[in-house]
Amino acid sequence: MIRIGLTGGIGAGKSTVAQTFISQGAYHVDADKIAREVVDRGTPGLAQLAEAFGEEILSADGSLDRPALAAKAFVSDENRQLLNSITHPLIGARTQELTDAAPDDAIILHDVPLLVEGHMAPFYHLVVVVHTDADVRLDRLVDLRGMEISDARQRIAAQATDDQRRAVADVWLDNSGAPEVLAAAAVAVWDERLAPFRDNVSAGRAVAPTIDDTADDPEWAALSARVVNRLWALVGAGAHAVEHTATTLSDDNPARPVLDMTVTVADLAAANALAAPLAAGGFPAVQSTNSAQRLHASADPGRGVRIRVVQRSAT
């Protein structure tokens, strides 16, 4: 299986992309739904919120009064952090439970509004960001969802910036046009990237990138930082260092750079131990050149990565 993180600013149009991916067969894990579930009436989560923010956040029937909570939780960074400290562990536990129940060949779609804010991007095979300009999102929140304009502005300001989302986006979908245009773009991403990526991971198959970088891609330094973070999430304490060592351009198509990475480990046993998590994370082994080095490469048709796993004494 592969795990896809889907995010975007409030009002950006993530639901259109989520519904499109689901129609193609994605296994959906909806963070918004989970967030409501863990603070439903009678839950320990709701009791913790009432203790932290006061009984005034409860409706007459004992359920959560969301506007009342928002009026308290979004007025300061301290209150927002308090809210997150209560809800995030509960959401994480339920998310893991649902993920563990997914079929072995699933493309798991985690629909996470605060993916960037929660620093979760490295833990996905691929991150999809839906983008719409902030002024358009503000109009949608006020006109379509009936939010007060001050509340809508607070919500937008409390979330990540476009630059922060762009830094983690493996796929950037612009929702400045009609919904059907966005849905068609999402189908193309599924057919050309997500499904082949899943199949390649399942087969343990590394591939050369077949999808050109786009104008929305950041500089290579940002791309390499993204891959470094993803590799650290996979190898954890099993490595001494993860570094971007070079960017190789293809003579045939310079729009398809390959990022060369080096993972340094203590010994051969450590190198062997990393083979399985790297493969599961989208970087299957391609060659063992000698006792001191292992080679892995990306199974993602949209991003070229080569990884040398070397023993510390051999560097």
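**Reading cavities and a helix face**

Author: In this predicted model, a search of the whole structure turns up three cavities of 30 Å³ or more.

Reader: Which helix gives the largest share of the lining of the largest cavity, and how do the lining residues divide into nonpolar, polar and charged?

Author: The largest share, four residues, comes from α10; both α9 (179-203) and α10 (220-235) supply at least two residues each to that lining. By class, the lining of the largest cavity consists of five nonpolar, three polar and six charged residues.

Reader: Turning to helices, why do residues three or four places apart in an α-helix point the same way?

Author: An α-helix has 3.6 residues a turn, so residues at a spacing of three or four places point the same way. Helix α4, which spans residues 66-73, has L69, A70 and A73 as its buried residues. Viewed down the axis of α4, these buried residues fall within an arc of 100 degrees, and therefore they line one face of the helix.

Reader: Which residues are exposed on the other side of α4, and what do its buried residues pack against?

Author: On that other side, P67 and A71 are exposed, whereas the buried residues of α4 pack against α3 (44-53), α5 (77-100) and α7 (149-158).

Terms used: Residues are numbered from 1 along each chain as its sequence is written. This is a predicted model: local features need pLDDT of at least 70, side-chain atom pairs count only at pLDDT 80 or more; totals for chains, interfaces and linings use all residues. Side-chain values use heavy atoms; hydrogens and water are left out. Buried means under 20% relative accessible area, exposed over 50%, partly exposed in between (1.4 Å probe, protein chains only). The arc is that of the directions from the helix axis to the C-beta atoms. Contact means heavy atoms within 4.5 Å. On a 1 Å grid over the protein atoms alone, a cavity is a set of points where a 1.4 Å probe fits but cannot get out, and a pocket is an open set with protein on both sides within 12 Å along at least five of seven lines; lining residues have an atom within 4 Å of a point. Grid points are joined across faces, edges and corners, and a volume is the space filled by probe spheres set on the points. Ala, Val, Leu, Ile, Met, Phe, Trp, Tyr, Cys and Pro count as nonpolar, Asp, Glu, Lys and Arg as charged, and the others, Gly among them, as polar.
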